Every structure is written in structure tokens, then in C-alpha cells.
Amino acid sequence: MEKRGTNGWLVTTGVAGFTGVAMGAFGAHGLKNVIAPEMLAVYQTGVQYHFWHALGLGLVALLMRQAPQFRTLAWAAWLMLAGIVLFSGSLYLLAVSGIRWLGVITPFGGMAFLAAWACVAAHGWRQP
């Protein structure tokens, strides 16, 4: 993969950051008086992890520009994206729908986040 190939991850970072802010604003303004406070807290947890991992995805995208040959970075990017969708997405849906079984999906997103950060650490460990 050459440096141009990482542009897709930078675009994905922008989309993830944009949607993180949009979901946060929706929660703060659109859901504040609509869902129970404990469900709003669940929603806000989704927003927090969404946004932090959007920033993490940006870090990975920039690292990929410096070392596009390392597959651990590509894995980290895909895993962070999967974590945002699975972890934050399941919390968003759980909070607004009240469908409790969606909580079963959340740990898979958490594991994706952990694996992504492990890939970043492995990349750092391998560098001279």
C-alpha cells in the first residue's frame, strides 16, 4: 500500500469524527427529554468511545502514511472501525430502542477496540 492508499482511512477518520460529534449533539439535544437518564448515560458512553476511537483511527491513518507496509496498522484501522460500529452502534441502538439483547453485541466492539490498540502497540514494538 502506498501513501495515497491511506487517504481512504483519513476520509474514514473524518466521517467517524463527524458522526461522533453529530451523535453527541443528537443525544444532548434530541434525546435529553425523550429517554430515561440511565439510557442517556448508555448513549453518552457510546458517543465517548466513538469519538475517542475516531481520533485513534486518525492516529493509525497517519502512522500508515509513514509505514504503509506494516499490516498491523491496517488491522488496527479495521478493528477500530469495527469497534465503533459494534460497540458504539449497539449502545446507540440499545439506548433509543430499549432492546436489551443489543447489549450482547457491545463486548465484541470492546474486544475490537482492545485488539486495535494491541496492533498499535505491536507496531511500535517492531519499530527500530
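Tyr-49 is partly exposed, with 36% relative accessible area. In this predicted model, Tyr-49 pairs with the ring of Phe-113, and Phe-113 is buried at 4% relative accessibility.

**The Tyr-49 and Phe-113 pair**

- The rings of Tyr-49 and Phe-113 are stacked, with 6.2 Å from centre to centre and 20 degrees between their planes. Planes under 30 degrees apart count as stacked, so the label follows from the angle.
- Which parts of the chain does this pair tie together? Tyr-49 belongs to helix 2 and Phe-113 to helix 4, so the pair joins parts that lie 64 residues apart in sequence.

**How the two helices cross**

- Helix 2 covers residues 37-66 and helix 4 covers residues 106-126. Their axes come within 12 Å and cross at roughly 25 degrees.
- Angles under 35 degrees count as roughly parallel, and helix 2 and helix 4 are therefore roughly parallel to each other.
- As for handedness, the crossing of helix 2 and helix 4 is left-handed.

**What makes the contact**

- From helix 2, the contact uses Tyr-49, His-53, Gly-56, Leu-59 and Val-60.
- From helix 4, the contributors are Phe-113, Trp-117 and Val-120. Both members of the stacked pair, Tyr-49 and Phe-113, are thus also on the contact list.
- What classes of residue are found in this contact? There are 6 nonpolar and 2 polar residues, with no charged ones.

**Other aromatic pairs**

- How many aromatic pairs does a search of the whole structure find? The search turns up 6 of them, including the pair of Tyr-49 and Phe-113.
- Elsewhere, ring pairs link Phe-26, Tyr-43 and Tyr-92 into a cluster.

**The chain as a whole**

- The chain has 4 helices and 0 strands, giving the pattern α-α-α-α when read along the sequence.
- Its C-alpha trace spans about 50 × 25 × 20 Å along the principal axes.
- Taking contacts between residues at least 6 apart in sequence, 73% join residues at least 24 apart.

Definitions and conventions. Residues are numbered from 1 along each chain as its sequence is written. This is a predicted model: local features need pLDDT of at least 70, side-chain atom pairs count only at pLDDT 80 or more; totals for chains, interfaces and linings use all residues. Side-chain values use heavy atoms; hydrogens and water are left out. Axes are lines fitted to C-alpha atoms, for helices over the stretch in contact, and angles run from 0 to 180 degrees between N-to-C directions. Angles under 35 degrees count as roughly parallel, over 145 as roughly antiparallel, 65 to 115 as roughly perpendicular and the rest as oblique. A crossing is left-handed if the near helix is turned anticlockwise from the far one by less than a right angle, and right-handed if clockwise. Contact means heavy atoms within 4.5 Å. Ala, Val, Leu, Ile, Met, Phe, Trp, Tyr, Cys and Pro count as nonpolar, Asp, Glu, Lys and Arg as charged, and the others, Gly among them, as polar. Rings of Phe, Tyr and Trp (its six-membered ring) pair if their centres lie within 6.5 Å; planes under 30 degrees apart count as stacked, over 60 as edge-to-face and the rest as tilted. Buried means under 20% relative accessible area, exposed over 50%, partly exposed in between (1.4 Å probe, protein chains only).
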